[in-house]
Amino acid sequence: MEDLENLEKLPVIEMDVRKVRFGDPLSGILGSRYKDWKERDVIFIYVSTGVGKTFFSVEDLSEWAMKQEVEIAILVNRRLLRGQLWRDIQEHDLRMNRRKVYLHLFSYQQLEGEGEEAKQCREILMRCRYIVCDECHYFLMDALFNPGVQRSFDFITTLYKDAALIFMSATMERIRPLLEKRILELHKCQMAECEKEMQEYDDRIYDSCQYKRNGEQRSLTEAWEKYEEAKESWEYQEKIEFYESQMALPQVREYRYIRDMADKITAKYFQTGEELADLIVGGSLPGKWLVFVAAKKFGKKMREELIARGADVKKIVYIDAEYDVFSATDESVQKRAREEVHNIVQTGRLQCQILITTSVLDNGVNIKDSQVTNIVLMTEDEDEFIQMLGRRRFTSENETINLFIFMGNPCLFSKRARTYFQIYWKLCNNRDIYLPDAYKMLMEDPEKNTNMLSSYYDFDGWTHHSNELAIEAVRMRCLYYRKLVRGLEGDKYFFLKEQMRWLGKDCTQEWLESSSVLLSQSKIDAISEYLNLLYHREGVINKREFEEIEKKIIDTAAKMEPQKYKGKQGNINTVNSALQMRKEWRKYQIVAVGDRKTFYEIYSDGKARYDIRADFTLEALKTIVEESTPGDMEKIWERMFDSEIPKCLAGDSESLKVYINGKLKKYQGLEGWILRSSGRGDGKKIVVGKRPNSSTE
């Protein structure tokens with residue numbers, strides 16, 4: 001008992017972890033291992049979506065249960081998934097010519113009620129030898145809005161003594177510790193109770209051995225001999241074996257089968273819904289669109305944005321949790337949503353061109369439509385992210401998809417962290433709320449507290465009891481949003497890197513530079529080509545030409561980093577900073593010529609197009625100036641440079657002088673010398689002089 005008290009996890013007696021190839025079904029991967037599963041086994045199956053969990057449960061495991069003449073139950077988290085699975089079961093029974101029911105199918109929600117249906121479901125589950133909990137991440141994900149989750153979680157875990165509990169999901173990391181902890185706590189209570197009952201039974205046997213049938217008390221020796229004889233009896237041995245079986249420690253079997261889908265996904269990112277709407281309506285990408293949004297408010301706004309930009313309203317379908325609730329607000333929208341869901345469930349294909357949906361479809365339906373080539377995921381939760389992506393099933397090894405992910409908003413994440421923190425402390429400080437206090441809360445803030453009580457508390461008719469799973473889910477969300485906020489403070493791409501990790505991809509600088517929705521490579525290349533053209537054709541540009549290229553660069557940079565570049569203009573330092581954002585631009589630099597900044601020189605890889613010819617000396621400079629016609633800067637240029645005069649400087653002696661002096665300042669050995677004007681009128685000429693504040697001897 002002491003060892004059990006110190007035990008924090010259930011012992012793992014079998015583990016199989018490996019990557020699987022596309023098309024490898026769970027049935028083939030597991031082989032016949034399921035034949036070794038027995039009561040008190042807790043089986044965790046981590047499998048990527050589309051590996052065939054349903055086929056394994058309906059075909060292999062149920063057939064094995066039938067051969068043993070025991071019952072099996074499959075639990076699912078969505079009504080839509082239950083509908084799909086029920087058709088599979090009916091087809092299987094028809095094919096097998098089966099009449100006796102061995103396989104039962106329920107949703108978790110059916111166990112969570114108080115009526116006759118819930119009672120019958122629980123009674124059936126108590127008979128089952130195998131209980132498959134499909135999509136078991138449900139216990140944490142739905143705990144944020146469904147307090148009944150605690151009921152199904154608590155009931156299912158109590159069945160570990162007489163059944164093999166099989167938990168399956170592609171995202172089980174967060175719920176598994178809670179499942180193990182709950183089963184271990186139940187077992188500790190069970191063991192303590194069994195030890196107590198076994199001791200009481202043993203005491204009764206010993207007491208009965210102390211007396212003869214006539215009631216006369218035996219001697220201590222005789223009583224002990226009789227007790228030893230009783231312990232050898234079949235009845236005693238059977239009873240002790242029963243208690244020992246009830247005290248047997250549950251054991252874990254773990255199977256992780258991960259299918260690498262990274263090479264089938266081309267990921268890009270966006271910052272705002274407007275950017276996404278422009279991309280969808282623009283029609284630059286062929287195929288249908290599946291857009292998962294985090295909230296109903298954003299989903300409805302996205303639909304309006306698309307319509308406002310010219311999208312055909314008949315090709316857009318919006319679905320949320322209320323799609324099958326009849327409403328007078330916009331019956332046409334909900335009617336089309338119901339028709340679309342029905343079609344997806346029946347055929348696995350999309351009728352519409354653009355489907356916008358909340359997490360109501362994050363699991364429960366399988367979309368096997370090769371025309372769905374564009375998927376948008378707007379969620380911060382890893383489990384939701386993977387489940388949403390998993391709705392699109394690949395029907396061939398050659399299929400690929402375009403995935404669009406949200407860059408992340410620190411203000412949004414910070415707000416959500418505060419919200420979940422407030423909810424967490426309210427739940428911790430008010431674990432039980434009696435009816436009078438609940439009425440008082442509703443009077444103070446009806447809308448907010450109604451949602452609070454209905455989402456996180458289970459009501460027994462007099463008291464609202466906080467949902468322990470909800471408390472844990474809220475705590476995890478709060479900590480995660482804080483992590484995102486801290487990460488984004490130091491790295492604006494932090495959330496993108498998180499999502500790329502979920503996809504099994506590297507978030508490289510090259511990917512960041514080439515994968516923004518707004519920054520198509522053609523736009524990036526267009527600026528590079530324009531800079532290259534200006535460098536080779538002009539080399540030096542005037543104010544107007546600078547303003548043109550400055551606007552192109554800053555407008556593009558503002559799409560990458562709006563907080564830094566949006567609204568900026570006219571600052572050469574800002575332009576050069578923006579040029580460092582893209583590898584295609586980094587070779588270029590723009591330098592203002594002279595104090596007036598009316599001309600600008602373009603550098604490529606640190607070199608200007610116009611440079612003083614090699615091996616130029618001070619003596620050569622003085623000679624050129626002395627031999628030139630007084631004030632003729634163009635003649636001086638021709639002898640100093642091996643190239644023609646820039647067009648924007650031709651005919652402007654003063655600007656040429658300023659430009660040449662800038663070149664002299666950068667030329668080794670001539671840094672302290674300048675050309676300056678001397679004299680007035682017809683006697684005005686150019687001379688070589690010392691640069692002010694120069695230490696040149």
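Analyst: In this predicted model, the largest cavity holds about 50 Å³ of space. With a cut-off of 30 Å³ or more, the count is one cavity. Its lining consists of L140, M141, L144, R174, D381, A473, M476 and R477. By type, these are five nonpolar and three charged residues, with no polar ones. Two helices each supply at least two of the lining residues: helix 7 (138-141) and helix 19 (468-490). Helix 19 gives the most, with three residues.

Now the buried strands. Take strand 2, residues 41-47. All seven of its seven residues are buried, so the rest of the structure largely encloses it. Side chains in a regular strand alternate between the two faces of the sheet. In strand 2, D41, I43, I45 and V47 are on one side, V42, F44 and Y46 are on the other, and both sets are buried. The pairing of strand 2 is parallel to two strands. With strand 7 (residues 251-259) there are seven bridges, in the parallel sense. I43 stands opposite R253 there. With strand 6 (residues 164-169) there are five bridges, also parallel. Here Y46 faces S169.

Strand 19, residues 599-604, is enclosed too. Six of its six residues are buried, so the rest of the structure largely surrounds it. F599, E601 and Y603 point one way, while Y600, I602 and S604 point the other. Both sets are buried, the charged E601 among them.

Strand 17 (residues 540-542) pairs with strand 19 in the antiparallel sense over three bridges. V540 stands opposite E601 in that pair. Strand 18 (residues 588-593) runs antiparallel to strand 19 and is joined to it by six bridges. There, Y588 has S604 as its bridge partner. Strand 20 (residues 607-608) pairs with strand 19 over two bridges, again antiparallel. Y603 stands opposite A608 in this pair. Strand 19 and strand 20 form a hairpin with two residues between the strands. D605 takes a positive phi near 55° in that hairpin.

Three strands form an open, antiparallel sheet in the order 14-16-15. Strand 14 (432-434) and strand 15 (457-459) stand at the edges. Each has a single partner strand, so one side of each lacks a neighbour in the sheet. The twist averages 25° from one strand to the next. Strand 15 and strand 16 (residues 463-466) are antiparallel, with three bridges. Y457 stands opposite S466 in that pair. Helix 18 (residues 446-456) lies across strand 14, strand 15 and strand 16. Its direction makes an angle of about 80° with strand 15.

Helix 8 covers residues 149-158. Seven of its 10 residues are buried, so the rest of the structure largely encloses helix 8. The buried residues are V149, Q150, S152, F153, F155, I156 and T157. An α-helix has 3.6 residues a turn, so residues three or four places apart point the same way.

Note on methods:
Residues are numbered from 1 along each chain as its sequence is written. This is a predicted model: local features need pLDDT of at least 70, side-chain atom pairs count only at pLDDT 80 or more; totals for chains, interfaces and linings use all residues. Side-chain values use heavy atoms; hydrogens and water are left out. On a 1 Å grid over the protein atoms alone, a cavity is a set of points where a 1.4 Å probe fits but cannot get out, and a pocket is an open set with protein on both sides within 12 Å along at least five of seven lines; lining residues have an atom within 4 Å of a point. Grid points are joined across faces, edges and corners, and a volume is the space filled by probe spheres set on the points. Helices (H or I, at least four residues) and strands (E, at least two) are DSSP runs, numbered from the N terminus. Buried means under 20% relative accessible area, exposed over 50%, partly exposed in between (1.4 Å probe, protein chains only). Two strands pair if DSSP finds at least two bridges between them. Axes are lines fitted to C-alpha atoms, for helices over the stretch in contact, and angles run from 0 to 180 degrees between N-to-C directions. Contact means heavy atoms within 4.5 Å.
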